[in-house]
Amino acid sequence: MTMRNAAGVIFFAIVAVFFIFSILSLHPFGDFGEEGDKYYLEPKMDDYIIDNAQNETGANNAVTSVVFDYRGFDTLGEATVLFTAVAGVILIFRRLGK
Amino acid sequence: MSGMSKIVKTITSIAFPFVMIYGLYVILHGHLTPGGGFQGGAVVASACAMIVVAFGSIWTMKKIKENQLSILESIGAIGFIVFAFLGLIILFDNSGIFFKNVFANSVYLFGQSVEYASTTANINTAGTLPLMNIAVGLKVIAGLFVIVLVMAYASNKIKERGD
């Protein structure tokens, strides 16, 4: 195994560990709460965000606080998709334009 | 000779700064008003695409190279990742969290707190969100502009060559 491959494997392992630890601290999926709760029979998550987004993130725009803070991973993925698209376009069309 | 008629070029020159300012406003006020980095970046990139259409891709390519835009896009991506990793580096209660909003409700830049159901637009709030908006906006501006520019330039070159 070359040095470059080893560095890639180590980086992949570090990122995987970060992601696993992040998953472990997520809220449970589709949590409806228990009888007597404030949000009984409604998904807890959206009401939680409506009630606490302004206090926790300090952003008046709750949508931005969800996109960049509560679900930052989603935005990270979108940014990666855009980066890949740009890389592919430049890779193909730079040779054609020569 | 490239681009469209003198009328289109004049109108583009007049409209370009206003579209640009509107897009930058949407990016910088992403944490206060509807929109954000992606939306504002698309507005600014469409202003740049307007330049490509009106003045021609060869003229635009003389002014700015695709390498410079590629570097700009990489700067945006790295900035976004760095702001995400700040949550892991700066520890809270002895544990770091990826994408933790470290500057919110603190004494630092963009650190002022907001009351529940407040509608007052205070730009010095929301912690890392404005910084991430700027990074993503930079990334989307450069990314969409370079896609339009490189495609137009390549098709122009192919037409010139005649194959």
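Leaving aside its neighbours within four places in sequence, A:Asn60 is in contact with A:Gln54, B:His31, B:Leu32, B:Val114, B:Ser118, B:Thr119, B:Thr120 and B:Ala121, where contact means heavy atoms within 4.5 Å. A:Asn60 lies in the loop between H2 and H3 of chain A; helices (H or I, at least four residues) and strands (E, at least two) are DSSP runs, numbered from the N terminus. With a relative accessible area of 17%, A:Asn60 is buried, the term for residues under 20% relative accessible area, while exposed means over 50% and partly exposed in between (1.4 Å probe, protein chains only).

The model is predicted, so local features need pLDDT of at least 70 and side-chain atom pairs count only at pLDDT 80 or more, whereas totals for chains, interfaces and linings use all residues. Residues are numbered from 1 along each chain as its sequence is written, chains are lettered from A and ligands numbered from 1 in the order in which they are written, and side-chain values use heavy atoms, with hydrogens and water left out.

Chain A contains 4 helices and 0 strands, and its pattern along the sequence reads α-α-α-α. Of the 98 residues in chain A, 26% are buried. Among the contacts in chain A with a separation of 6 or more, 6% join residues 24 or more positions apart.

The interface between the chains was examined next. Chain A supplies 33 residues to the contact and chain B supplies 50 residues. About 3300 Å² is buried between chain A and chain B, with carbon and sulfur atoms giving 65% of this area; buried area is the accessible area (1.4 Å probe) that two parts lose on being put together, summed over both. On the side of chain A that touches chain B, the elements giving two or more residues are helix H1 (3-24), helix H2 (44-57), helix H3 (62-70) and helix H4 (72-97) of chain A. H4(A) provides the largest share of this side, 15 residues. By residue type, the side of chain A that touches chain B comprises 15 nonpolar, 12 polar and 6 charged residues. In this division Ala, Val, Leu, Ile, Met, Phe, Trp, Tyr, Cys and Pro count as nonpolar, Asp, Glu, Lys and Arg as charged, and the others, Gly among them, as polar.

Between chain A and chain B, 7 residue pairs are in polar contact (both at pLDDT 80 or more). A polar contact is a pair of N or O atoms within 3.5 Å; within protein, one must be able to donate a hydrogen and the other to accept it, and residues adjacent in sequence count only if both atoms are side-chain atoms.

Nonpolar cores were also identified, each being a set of buried Ala, Val, Leu, Ile, Met, Phe, Trp, Tyr and Cys residues joined through side-chain atoms within 4.5 Å. The largest nonpolar core has 20 residues, of which A:Phe68, B:Phe80, B:Phe99 and B:Met132 touch the most other members. Two or more residues of this core come from each of H4 of chain A, helix H4 (66-89) of chain B and helix H5 (128-161) of chain B. The largest share, 6 residues, is that of H5(B). Neighbours within four places in sequence aside, B:Phe80 is in contact with A:Phe68, A:Gly72, A:Thr75, A:Leu76, B:Phe99, B:Met132, B:Ala135 and B:Val136. Another core lies apart from this one and has 17 residues, including A:Val86, A:Ile90, B:Val52 and B:Ile141.

Over all chains the structure holds 1 salt bridge, defined as a side-chain nitrogen of Lys or Arg within 4 Å of a carboxyl oxygen of Asp or Glu. The side chains of B:Lys139 and B:Glu73 form a salt bridge at 3.1 Å, N to O. This pair links distant parts of the chain, with B:Lys139 in helix H5 and B:Glu73 in helix H4 of chain B, 66 residues apart. Both B:Lys139 and B:Glu73 are buried. Across the interface of chain A and chain B, 0 salt bridges are found.

B:Thr128 is placed in helix H5 of chain B and is buried at 2% relative accessibility. B:Val107, in the loop between H4 and H5 of chain B, is exposed at 75% relative accessibility.
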